[in-house]
Amino acid sequence: MVAVGVTSCYPPPVQYPYTEMVVSRRIQLKDNLLALLPPEEQVQPAAREEATWLADTAYKAAAGIARVNGSYFPGWAGNAFINSRLQDRGLCWHYQHDMFRELRRRPLNYFRIGCCVRDGGKASEHNCVYVAAKGAEWPEAWVLDAWMWNGRLKVDDARKLSRKRWADLPSICRIQSVYYQEGHQWPIEHWSVLRGPDNDYESYWLPEMRRSSQYRRMYDNVEKGKLEHPGRLTNY
């Protein structure tokens, strides 16, 4: 845990998702996702390709999101800096929204992306996304947590989590689906919710949000991304 704490005090480098350790984890997540499907679907090439894409994108996106957010502190330490206004991006629900955005980049035929919460409404509240088989209900899913280790993806079997503490959160999915429909083309630098001049978080499309420092930062990030990676939507 000490090693994780030390290494997660900076965003993962670009090569992180391609290290031997993470490549192995990507393969394991792919296999875990496939196991959610009925046996007759698990062997279908299209289903295997979709599971591979989801697993690869999850690990790559988690690292990319941490770099774009510019978060240099993991988990609750990062929250303390944000709540003190020393940093403006990196709460768990920021990562939840961002991961939802990245996993909605393509239409899915075998899986679906959901949102979940632990200890909703309490001081220990924690928000994540999950992947389930299409048509399956919570908690038949795998939880993807990009926040805890600052972009180094943490994966949990939702079936083994506390039923008293963890719950499905379809309301957030409905809201985020308005911004990020399946197959959307928003760049990784886009944020659906911003911190405004009055310190409240609101939708990016409200006129008053354009006066916020976070809107300017998002705009600068998008323009920088276009210059550094012409024609791309991600910076994985």
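Student: Which residues gather in a patch of negative charge on the surface?
Tutor: Bear in mind that this is a predicted model: local features need pLDDT of at least 70, side-chain atom pairs count only at pLDDT 80 or more, and totals for chains, interfaces and linings use all residues. A patch takes residues with over 30% relative accessible area (Shrake-Rupley, 1.4 Å probe, only the protein chains shown counting as cover) and no salt bridge (a Lys or Arg side-chain nitrogen within 4 Å of an Asp or Glu carboxyl oxygen), joining like charges within 9 Å and nonpolar side chains (Val, Leu, Ile, Met, Phe, Trp, Tyr) within 5 Å. Asp and Glu count as negative, Lys and Arg as positive, with His and the chain ends not counted, and a charge is placed at CG of Asp, CD of Glu, NZ of Lys or CZ of Arg. The residues that gather here are Asp198, Asp200, Glu202 and Glu208.

Student: Where does Asp200 lie?
Tutor: Numbering runs from 1 along each chain as its sequence is written, and side-chain values use heavy atoms, leaving out hydrogens and water. Helices (H or I, at least four residues) and strands (E, at least two) are DSSP runs counted from the N terminus. On that scheme Asp200 sits in the loop between β6 (193–195) and β7 (201–203).

Student: What is the relative accessible area of Asp200?
Tutor: Buried means under 20%, exposed over 50%, and partly exposed in between (1.4 Å probe, protein chains only). Asp200 is partly exposed, because its value is 40%.

Student: Why is strand β3 largely enclosed by the rest of the structure?
Tutor: Look at both faces: Ala141, Val143 and Asp145 cover one side, Trp142 and Leu144 the other, and all are buried. That's what puts β3 (residues 141–145) largely inside the rest of the structure, because the count of buried residues is five of the five.

Student: Which residue in β4 is the bridge partner of Trp142?
Tutor: Strands pair here if DSSP finds at least two bridges between them. β3 runs antiparallel to β4 (residues 154–157), with four bridges joining them, and antiparallel to β2 (residues 126–133), again with four bridges. On the β4 side, the partner of Trp142 is Asp157.

Student: How many residues of β2 are buried?
Tutor: In a regular strand, side chains alternate between the two faces of the sheet. In β2, His126, Cys128, Tyr130 and Ala132 take one side and Asn127, Val129, Val131 and Ala133 the other, all of them buried. So β2 is mostly covered, and the number of buried residues is eight of its eight.

Student: Which residue of β2 is the bridge partner of Arg112?
Tutor: β1 (residues 111–118) pairs with β2 in the antiparallel sense over eight bridges. The partner of Arg112 is Ala132.

Student: How far apart in space are Leu91 and Trp147, C-alpha to C-alpha?
Tutor: Leu91 belongs to the loop between α5 (75–83) and α6 (92–103), and it is buried because its relative accessible area is 10%. In sequence, Leu91 and Trp147 are 56 residues apart, while in space the C-alpha distance is 7.4 Å.
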